[in-house]
Amino acid sequence: MGKARAGIIAGIVLLIVGVSTALWVGPDDWIDSPMQVVNTGGEVGAVTTYGFLSHTLPLRVTARADTGDVFVGVGHVVDVDDYVAGARLARLEWFSPSGVQTAPASTGGRLPALPAGLDIWQQHASGPGEQRLNGEFAGQPVVAFVAAIDGKPRELQISVGSQLRGAFGVGLAIAGIGAAAVAAIVIIRRVRPTEQAAGAVTDR
């Protein structure tokens with residue numbers, strides 16, 4: 001009885017862990033940090049530090065502005081640094097599933113030009129609502145930049161995510177193993193008393 005109860009508990013734990021993992025990751029295998037305001041000090045934009053995107057996993061950056069259109073681009077670190085030199089920007093230093101670590105800027109001015117009109121971007125997206133870029137940037141000397149499309153210091157919300165390929169399927173598999181274990185133990189516990197009762201009748 002003790003072993004059966006322990007097996008049921010273990011199966012339930014596996015089921016909960018598997019379902020939780022699948023719901024957290026989602027069918028696309030992406031794990032994103034929550035959207036958060038990154039320019040709380042009134043900065044005109046935000047830029048990642050060098051190395052922020054250099055992960056072995058695919059990454060994506062999602063951004064939106066509180067009003068108006070937003071711009072998000074990825075470019076060579078030298079080109080982007082030249083563009084934003086002197087501008088007051090928040091720095092995105094690192095991220096985890098719980099959020100993005102930022103460093104505010106105490107000095108600086110406006111952007112020297114609107115970002116959408118420049119040819120320094122390897123990828124870029126702009127428009128209303130959420131705009132998103134994703135790719136595999138490991139080993140590439142690139143940074144991400146986010147700002148309002150008009151270059152004004154509007155509130156910017158950013159989320160950063162990484163893709164764990166196959167994580168959704170692994171979560172479902174774990175949940176399936178847990179459910180199967182619980183079902184098997186319950187069935188065995190029900191069948192054994194019936195067999196014992198039948199054996200007792202036969203002995204008589």
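This is a predicted model: local features need pLDDT of at least 70, side-chain atom pairs count only at pLDDT 80 or more; totals for chains, interfaces and linings use all residues.

Reader: How many salt bridges does a search of the whole structure find?
Author: Searching the whole structure gives three salt bridges. One of them joins D32 to R60, with the closest N and O atoms 2.5 Å apart. That pair links distant parts of the chain, since D32 sits in strand β1 (residues 30–32) and R60 in strand β4 (residues 59–65), 28 residues apart.

Reader: Okay, which residue forms a salt bridge with R64?
Author: R64 forms a salt bridge with E130, and the closest N and O atoms of the pair are 2.6 Å apart. R64 belongs to strand β4, while E130 lies in the loop between β8 (121–127) and β9 (131–135), so the bridge ties together parts that are 66 residues apart in sequence. R64 is partly exposed at 27% relative accessible area, and E130 also counts as partly exposed, at 42%.

Reader: What about R154, which partner does it have?
Author: R154 is bridged to D150, where the closest N and O atoms are 2.5 Å apart. R154 is partly exposed, with a relative accessible area of 23%, and D150 is partly exposed as well, with 29%.

Reader: Switching topic: which residues gather in the patch of negative charge?
Author: On the surface, D79, D81, D82 and D119 make up that patch of negative charge. Among them, D79 is found in helix α2 (residues 77–84), and because its relative accessibility is 36%, D79 counts as partly exposed.

Reader: Where does V78 lie, and how far is it from V143?
Author: V78 lies in helix α2, and it is partly exposed at 46% relative accessibility. V78 and V143 are 65 residues apart in sequence, yet their C-alpha atoms are 9.2 Å apart in space.

Reader: Which residues form the nonpolar patch?
Author: The nonpolar patch on the surface is formed by I9, V13 and V17, which together have about 240 Å² of accessible area. I9 lies in helix α1 (residues 2–25).

Reader: Last one: what does Q163 touch?
Author: Leaving aside residues up to four places away in sequence, Q163 touches D28, D29, W30, L57 and P58. Q163 is found in strand β11 (residues 156–163), and it is buried, with a relative accessible area of 14%.

Notes: Residues are numbered from 1 along each chain as its sequence is written. Side-chain values use heavy atoms; hydrogens and water are left out. Patches are made of residues with over 30% relative accessible area and no salt bridge: like charges are joined within 9 Å, nonpolar side chains (Val, Leu, Ile, Met, Phe, Trp, Tyr) within 5 Å. Accessible areas come from the Shrake-Rupley method with a 1.4 Å probe; for residues, only the protein chains shown count as cover. A salt bridge is a side-chain nitrogen of Lys or Arg within 4 Å of a carboxyl oxygen of Asp or Glu. Lys and Arg count as positive and Asp and Glu as negative; His and the chain ends are not counted. The place of a charge is taken as NZ of Lys, CZ of Arg, CG of Asp or CD of Glu. Helices (H or I, at least four residues) and strands (E, at least two) are DSSP runs, numbered from the N terminus. Buried means under 20% relative accessible area, exposed over 50%, partly exposed in between (1.4 Å probe, protein chains only). Contact means heavy atoms within 4.5 Å.
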